[in-house]
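Subject: Structure handover

Hello,

Here is the structure we talked about. Please open it beside this message and follow along.

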Amino acid sequence: MPNRLADKVALVLAAGSGYGEHIARRFAQAGCAVAVADANETSGKRVVQAIKAANGRAEYLYGDPTDAEEMHALVAAGIEAFGHFDLCVNAHASAHRNGDLLDLGEAEFERLLVANAKSLYLSARLLVPHFRAQGGGCFVQIAAATGVHPRAGLAWYSGNMGGVIATCKAMAVDLGRDGIRVNVVNPLPDDSDPRGEYAGATDTAEQRARLKAAVPLGRLPSALDVANAALFLASDEARCITGACLAVDGGHSL
């Protein structure tokens, strides 16, 4: 089913690298027009060029998804370029280094709060009115498996992600009557994820092997696995799914 998102337009936040890049490229393969939003212009434009080289439709939008003014300008520019948005995928997130919970300083704690929650807040503030006006829309949030099943050494990140997940579920309740779906993908980290540092104090092959050994399927998810999960939740195949948390972790959270 190569055109599962045909005639749809997606805004993908943090699409210049990691999960966001793979989601943007996978959505384009499925027939979606993609607004590649990223604060790194070089990375964002590289992703757009790759999508266009594969005969997809994409445009780069500059902006930090935690900055209200930049997000407002980004969304306005995207609507001007594409006419509307059907989908919003938020892959913007940050983690702290695995370690004792008392080692995290106040500045780093506040950075986590902004990185992991404000982009969701701003995207909702800006896109919910747009989705309501057109009769529906869809949010897909990329969170983390540890937001549901905390791992040792990740107390503040787990708490941040748990709050993001709970907020998405609350949004699903509030917005369902407007035809707006809100779902979450919860992955384990993989090599393309900038949050990979949360796998351990040092992200090494040995650390990855230990993590993989705890996964029932015996493998860590790839960024493509995460992108495919986001694609399903964004597609009409999931039209009766909202408030769901789809674990992409090989069974690690069981």
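Glu41 is partly exposed, at 41% relative accessibility (buried means under 20% relative accessible area, exposed over 50%, partly exposed in between, with a 1.4 Å probe and protein chains only). Lys45 is partly exposed too, at 39%. The side chains of Lys45 and Glu41 meet in a salt bridge, 2.6 Å from N to O (a salt bridge is a side-chain nitrogen of Lys or Arg within 4 Å of a carboxyl oxygen of Asp or Glu). Both sit in helix H2, four residues apart, so about one helical turn separates them. Helices and strands here are DSSP runs numbered from the N terminus: H or I of at least four residues for helices, E of at least two for strands.

Two notes on the source. This is a predicted model, where local features need pLDDT of at least 70 and side-chain atom pairs count only at pLDDT 80 or more, while totals for chains, interfaces and linings use all residues. Residues are numbered from 1 along each chain as its sequence is written, and side-chain values use heavy atoms, with hydrogens and water left out.

Now the other salt bridges. The structure holds nine. One of them joins Glu21 and Arg25, with the closest N and O atoms 3.1 Å apart. Both residues lie in helix H1, four residues apart, about one turn of the helix. Glu21 is buried, at 11% relative accessible area. Arg25 is partly exposed, at 34%.

Another bridge pairs Arg4 with Glu237, at 2.9 Å from N to O. This pair links distant parts of the chain, 233 residues apart. Arg4 is in the segment before strand E1 (9–13). Glu237 is in the loop between helix H7 (223–234) and strand E7 (245–248). Both count as partly exposed: Arg4 at 22% relative accessibility, Glu237 at 38%.

Next, the helix pair. How is such a pair described? Two packed helices are described by the angle between their axes and the distance between the axes. Here, the axes of H1 (residues 18–29) and H2 (residues 41–53) come within 10 Å and cross at roughly 25°. Axes are lines fitted to C-alpha atoms, for helices over the stretch in contact, and angles run from 0 to 180 degrees between N-to-C directions. H1 is therefore roughly parallel to H2 (under 35 degrees is roughly parallel, over 145 roughly antiparallel, 65 to 115 roughly perpendicular, the rest oblique). The crossing is right-handed, that is, the near helix is turned clockwise from the far one by less than a right angle.

Which residues of H1 and H2 make the contact? On H1 they are Glu21, Ala24, Arg25 and Ala28. On H2 they are Arg46, Val47, Ala50 and Ile51. Contact means heavy atoms within 4.5 Å. These residues divide into five nonpolar, no polar and three charged (Ala, Val, Leu, Ile, Met, Phe, Trp, Tyr, Cys and Pro count as nonpolar, Asp, Glu, Lys and Arg as charged, and the others, Gly among them, as polar).

Asp7 has a positive phi of about 70° although it is not a glycine. Asp7 lies in the segment before E1 and is exposed, at 73%. Ala14 also has a positive phi, near 60°, and is a residue other than glycine. Ala14 is in the loop between E1 and H1 and is buried, at 15%.

Best wishes
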